[in-house]
Amino acid sequence: MPLPKAELHLHIEGTLEPELAFELAARNGVPLPYATTDDLREAYRFQDLQSFLNLYYELMAVLRTERDFEELADAYLARAAAQGVRHAEIFFDPQAHLSRGVAMGTVVEGLWRALGRSEERHGVSTRLILCFLRDESAESALHTLRAAEPYLDRITGVGLDSAEVGHPPAKFREVYEAAAALGLRRVAHAGEEGPPEYITEALDVLGIERIDHGLRCVEDPALVERLVRDRVPLTLCPLSNVRLRTVDTLADHPLPAMLEAGLLCTVNSDDPAYFGGYAGDNFDAVHEALGLGQERLRELARNSFLAAFLEDDEERRKRYLAEVEAYEFGA
Ligand code: ADE
Ligand code: ZN
């Protein structure tokens, strides 16, 4: 039995496995510039975040109907459950679909068909987080939030993703204020490729409650001190960092030092179809490459539930935390 955990940094479009991409391409009559799934996998050699994003957006063209989004999410939930995920907070990128003529309702209702049945089918509770693309305009983000208003009963929070460098958080002050006024929780990618100043700005200007990645905080000791003091969770994605060359090798990842410093770190998969592993694979990888022992792994699992947006269901959080404490490694 795998260690119970929450996954808090997961782009649903990044769970599109080559086999499903080909199946949806055939079903929807969408041409793909790859002859086979092996050809497509050959393209998974990334130099940086942008080279990944190019493929990520290209492949999304196969997602067209509610059924497509449902199958995508259901496949992820099945895989996540098999790796011990008990709670998943799932990002989606509506602008990447709206721009292709796929309606907000198609995306949200499709995802919801899977999320709404996830507990009974997979034993995984879920939350949905709408991400704005930071390389699009602030106006487009506001428009996207307005388009999502009919579906807010299904959406827990907002996030900020896509190409980071050159797109500092402050650009999105207004849309984050609007999201807060609607009662939405706030997260943002910061300090993945961008500098530590973007993390500070996301906290100060956007009022974010959790930092996605946040890796580069280690370059600023005063920021680390603040994050420790304020117990701000970081959703780290070790295999993603290796594939996007944010770190040279997994053995160079600062996760052990970050835990040692007292940061509230969690381990997540980001875009598992592209980066070589789901949540449990990331836990296994940091165990093997970084020598994190059982109590550190338990701490990471505990942190994931502490950092989850479960304030509306504290009983559930308590149950999950009890599962983590009772877990016997190797049993
Ligand atoms: N969109 C999907 N994955 C992402 C990542 N790792 N960073 C920024 N935007 C993303
Ligand atoms: Zn991400």
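Strand β4 is covered on both faces: Gly157, Gly159 and Asp161 on one side, and Val158 and Leu160 on the other, are all buried. Buried means under 20% relative accessible area, with a 1.4 Å probe and protein chains only. Strands here are DSSP runs of E with at least two residues, and helices are runs of H or I with at least four, numbered from the N terminus. Five of the five residues of β4 (residues 157-161) are buried, so the strand is largely enclosed by the rest of the structure.

This is a predicted model: local features need pLDDT of at least 70, and side-chain atom pairs count only at pLDDT 80 or more. Residues are numbered from 1 along each chain, and side-chain values use heavy atoms, without hydrogens and water.

Now the neighbours of β4. Strand β3 (residues 125-133) pairs with β4 in the parallel sense over five bridges; pairing takes at least two DSSP bridges between two strands. Leucine 133 stands opposite aspartate 161. β3, helix α8 (residues 138-148) and β4 make a right-handed β-α-β unit. Right-handed means that, with the strands pointing away from the viewer, the path from the first strand over the helix to the second runs clockwise.

Strand β5 (residues 185-190) runs parallel to β4, joined by two bridges. Valine 158 faces arginine 186 there. The chain crosses from β4 to β5 through helix α9 (residues 173-181), again in a right-handed crossover.

Next comes the metal. His9 (NE2), His11 (NE2), His189 (NE2) and Asp270 (OD) coordinate the zinc ion (ligand 2) at 2.0 to 2.2 Å. Both histidine 9 and histidine 11 are buried. The donors follow the spacing H-x1-H-x177-H-x80-D along the chain; donors are N, O and S atoms within 2.8 Å of the metal (3.2 Å for Na, K and Ca), and water is not among the atoms, so sites may look incomplete.

Technical notes:
Chains are lettered from A and ligands numbered from 1 in the order in which they are written. Buried means under 20% relative accessible area, exposed over 50%, partly exposed in between (1.4 Å probe, protein chains only).
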